Amino acid sequence: MLEKSLFKNPNLRLEGMENAAAEERAPVFECPRCKMRQDLSSLAEGLFLCQRCGHHYKVGARQRLGMTLDEGSFREMSVRIASRDPLGFPGYQEKLEQARRQSGEREAVITGTGSILGQPCAFFAMEHQFMMGSMGAAVGEKLTRLFERARQRRLPVVGYVISGGARVQEGVLSLMQMAKVSGAVRLHADAGLLYIAVLCDATTGGVAASFAMQADVILAEPGALIGFAGPRVIEQTTRQKLPEGFQRAEFQLEQGFVGKIVRRQEQRELLGLLLRMHEGAGA
Amino acid sequence: MFAKILIANRGEIAVRVIRACKEMGIRTVAVYSEADREALHVSLADESICVGPAPSALSYLNQEALLSAALNTGCEAVHPGYGFLSENPDFAALCEENGLKFIGPTAETIRRMGNKDEAKRQMALAGVPVIPGREDLKDLAQVQKAAQEIGFPLLIKARSGGGGRGIRRVNGLNELDHAYTEAAFEAQSCFSDPALYMEKLLTEVKHVEVQVLCDAKGNAVCFGERDCSMQRKHQKILEESPCAAISPAQRAKLMKYARQAVRAMRYEGVGTLEFLMDQQGSFYFMEMNTRLQVEHPVTELVSGIDLVKWQIRTAAGIPLPFKQKDIHTLGHAIECRINAEDPARGFAPGGGKVEILHIPGGPGVRFDTALYQGYKLPLHYDSLIAKLIVFAPTRREALRKMLAALCETVIEGVDHTALFHVDLMADPGFEDGSYTTDHLVKRGA
């Protein structure tokens, strides 16, 4: 058969949306670390790493699927679940619409099943372009269903976490997702099943304080900001200058919150290996 | 516009639709059966989902599997292609119920046009000529009177009939009584419904069809006609546009009928009205196809309009930016259907592996196919493997171009009908454009 990869993707913007696209996406991109200007399209073909300094750019959930899972293995779940505006929060509807346009996704997380190097697993990836990957009722529900499905089907869970925390526009409804998802993770763990989380830049707030830190194996991307309250908030509250690199992945590794820092080029291999080592867990 | 579409089909038409989607920036989900794992449409689409085992009934006709594939991948619409579920009103309704746009007319329109009697009644109401006939034949006296009005030869058919049963040809008044009694008896015993109808038998006819495109705002345009009279066992094998045997005045009349018809039923999307044209040059509505057709490329070439893209756009609610007066057809286009059949063995269908593939090219040559070198043809599906379409300023030049392109086509490893078309190009009946639907029968092919 002809491999899908033989054909290049023309990557054309949806008809009628061409102008909107031009505003959203600058053709050239400047690396925030080494300031080298590079073509965005060249990044999209690889792993979204800076060509010069190797800086890990933020990656959309769909791209994350593509670079992590075996080609064609992904079966998406809960596609139709999306946030409404339960509290009538001012401006939330517009914000949701803008987030959908910007990210091309209905919600801030994609869930489903697939395989990594032939090892079947349940998988989720959060979308930073959707309101910074914040967790509302829909995100909580999608994740809960994923862990429940994984438990029923005796599958390990691999998740890429990137989130600003609970979604303020959904108030207490979004806060209670912390408990709900945590419960589902706990049941999954009690069944003896493996959960691996990869924390990306940035993993903070209610997400960091719930399912992100509950994983059996916690990996992180280099330089990722990981913490509950952000450094700026802490500085303002404590009126103290924080040390360089505070709350970065390397710092959290030293403090024992993170098990290992893995470069993007090595993540798929490592995830595959971990899954294979735990094959048959919970049987 | 839809961000993602599921294509519920296979073969060249699936590839055709995927190509349109790619140009429009729409993401595509292909479906395939276990026998089609290596098919081209699977490789070309952004995502591919297996929907069942090889037999079509379990895969490409498996409505539940197709719907779950569409919903699980987050599709917004389903393109049915042609054949399979493209004219299945239940499937169209099921899509709508699940929040998916079926790219085609409404389930109700498909259902009405699928019922041949109902379709004819509707057309007659809209002022479109239908084959003269009479329903509700009660007794012999009424039958005789109706027969004389219609004229001979005529056909007596069972209302609930099918498969050629309950049909009698009547050449004159003296045969009528006998045929009527026999047909009524057969209708009762075969279909438990003695009801009969009568219709004029048209012989030496041309099959001429009109391509229409309508948006949801009621704007309807016609893109000229296609002559599909070259048929083998009631299957079209070659189509051309325009029809060489009709005058501009006749064409205008045909277009008028077509627009009357689609306006009356508030049609949406692409569709085709099929007419028979008798030796006197009169048109009779035969049926309407509520979908994209195999031969749509000939119309695309003479009109310069991408019908698949406009089909998707109108389904997404985009109004047509052009009106009938903006449509100008130009030149002449011919399509030859290349089937995996062996003309030397009575057109027996066959499979095989494509060892060498050379696709003809050059200006005005289009080759729609899902073949690639090394592809193993599964035996479970329709035998159409490629469509060669040429376009030139005149019919004469188009014929020469077609002959040259056919001779350049190489598909080694599979028996196919390209050489049969080569012979056809030199057939005097075809060359002068006068051929009728029984041409190949008369020629003994």
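Colleague: Which residues of α5(A) meet α6(A)?

Modeller: This is a predicted model. On the α5(A) side the list includes Leu143(A), Phe147(A) and Arg151(A). Among their counterparts in α6(A) are Leu173(A), Val181(A) and His188(A).

Colleague: At what angle do the two helices pack?

Modeller: About 10°, with the axes of α5 (137-152) and α6 (171-190) of chain A 9 Å apart. Angles under 35 degrees count as roughly parallel, so α5(A) is roughly parallel to α6(A).

Colleague: How does that contact divide by class?

Modeller: Ten nonpolar, five polar and three charged residues.

Colleague: Where in chain A does pLDDT stay under 50?

Modeller: Over residues 21-26, where the model has three contacts beyond four places in sequence. For chain A the mean pLDDT is 89, and 92% of residues reach 70 or more.

Colleague: Switching to chain B. What is the strand order in the sheet?

Modeller: β3-β2-β1-β4-β5, an open sheet of five strands with parallel pairing.

Colleague: Which strands stand at the edges?

Modeller: β3 (47-52) and β5 (101-102) of chain B. Each has a single partner strand, so one side of each lacks a neighbour in the sheet. For β3(B), five bridges join it to β2 (27-33) of chain B. In that pairing, Ser33(B) has Gly52(B) as its bridge partner.

Colleague: And how many residues of chain B are in contact with chain A?

Modeller: 18, against 16 residues of chain A. On the chain B side, α1 (11-24), α2 (40-44) and α3 (63-72) each give two or more residues. That side divides into eight nonpolar, six polar and four charged residues.

Conventions:
Residues numbered from 1 in each chain as written. Chains lettered and ligands numbered in written order. Predicted model: local features only at pLDDT ≥ 70, side-chain atom pairs only at ≥ 80, totals over all residues. pLDDT = per-residue confidence, 0-100. Contact = placed C-beta atoms within 7 Å. Helix = DSSP H or I, 4+ residues; strand = E, 2+ residues; numbered from the N terminus. Nonpolar A, V, L, I, M, F, W, Y, C, P; charged D, E, K, R; others polar. Pairing = 2+ DSSP bridges. Axes fitted to C-alpha atoms, helices over the stretch in contact; angles between N-to-C directions. Parallel < 35°, antiparallel > 145°, perpendicular 65-115°, else oblique.
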